[in-house]
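Here is a short briefing to read with the model open beside you.

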Amino acid sequence: MKKVVLIGSYTMPESTCIRRAVVDTEAGTIDEIEAVPNVGNPIYFAVNRDRTRLYVAENDPAAINRSVGGTLAVYSLDDNLYPTKLDSRTYDFSIPCHISLSNNEDKLVFAEYSGAHAGFICLKSDGTFVDGHGSIVLHEGHGPNEARQEKAHCHCAVSSPDDKYLYICDLGTDTVNCYDLTQQVMTSIKDNDFHCEPGLGPRHMIFNREGTRCYVVYELESKVQPFAYENGKLKPLQAAVSMLPSDFTGETKAAAIRISPCGKWLLASNRGHNSIAAFKILADGSLDLVPTISPLTGAFPRDFNFVGETDCIILGHKMSDNVGLYRFCDKTGELVRLGGTLEMPKPLAFAQ
């Protein structure tokens, strides 16, 4: 199968762009089609179900002060996923590090790391932004890790399967915060907040397709934790499980988290150890305690994803400045490097 993918990255003044590439999942190759210019630091994407709209966390390519000017933008997509900008909103804080769509696609939700802002913006039927309709909150607090948790750091924004709640992973305060998503203004629901073990640093979370389970990856200790989900409550199914070999002693940070197309595996990436850990998802939603850990051929895997419903994974080796392809075995959980490589600076995000 051949599939067009969009790749975002930190960019330099001479290379402000989103890159379009085609992945051949059977041959294991990736080839760049072209660069879409004049997009500054496109570091996270969200795509609607019909694949007609691309939402991008970016900033002004000419911006000098990166602590302000964070931008949410929406692009139309043609049949070949070529993006054309339709609308954008710029804020007085840095680029949001994570965005996603509500399940009914009437809101774009976001989290911003540096200033600890999070919120949503309402969408029109054509996918563009509704003026004056949205809400933003500012997190405060800190955690025990003085280097990384000196203040609040919003790192992920995800709506609940029923779109009643918005969850914000705050790495700085060791909290998955819950907000009411049915109101015009974000309202904290403290009884639904989940406070993890101090120092773990929740980074990203993901729901299963059935909307009955969710999984949180903890950046600072490279661990994952499964939860049962019901009526806004996150109930831990087990303690956080390590993504690393028992004898590893170096520095590493967890990053992205994905569920395999078959729904039987949870995968998460380690930056520093430079690996993907794959856990079997058991019948009750908990995880096998011993992951299959596959070493990668490049450094610092910030984001990865399955290409469509196939066993082919696209992965950005951020510090090796290239994108690679891997084959995932749903019997063993192992990844095998394929031949395709696309050289580009600091790949960070993928859309398809």
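How many bridges join strand 2 to strand 3? In this predicted model, the two strands run antiparallel and are joined by eight bridges.

- Four strands form an open sheet in the order 3-2-1-30, with antiparallel pairing.
- Strand 3 (29–37) and strand 30 (347–351) are the edge strands, each pairing on one side only.
- On average, neighbouring strands here are turned by 30° against each other, direction ignored.
- Look at A21: its bridge partner in strand 3 is E32.

- R19 counts as buried, at 14% relative accessibility, whereas E32 is partly exposed at 33%.

**Salt bridges elsewhere**
- The count of salt bridges comes to 13.
- One of them joins the side chains of E309 and R209 at 2.9 Å, N to O.
- This pair links distant parts of the chain, 100 residues apart, with E309 in the loop between strands 26 and 27 and R209 in the loop between strands 17 and 18.
- E309 is exposed at 57% relative accessible area, and R209 is exposed at 63%.
- D311 and R327 meet in a salt bridge of 3.1 Å, N to O.
- R148, R203, E219 and R271 are linked in a network of salt bridges.

Definitions and conventions: Residues are numbered from 1 along each chain as its sequence is written. This is a predicted model: local features need pLDDT of at least 70, side-chain atom pairs count only at pLDDT 80 or more; totals for chains, interfaces and linings use all residues. Side-chain values use heavy atoms; hydrogens and water are left out. Two strands pair if DSSP finds at least two bridges between them. Axes are lines fitted to C-alpha atoms, for helices over the stretch in contact, and angles run from 0 to 180 degrees between N-to-C directions. A salt bridge is a side-chain nitrogen of Lys or Arg within 4 Å of a carboxyl oxygen of Asp or Glu. Buried means under 20% relative accessible area, exposed over 50%, partly exposed in between (1.4 Å probe, protein chains only).
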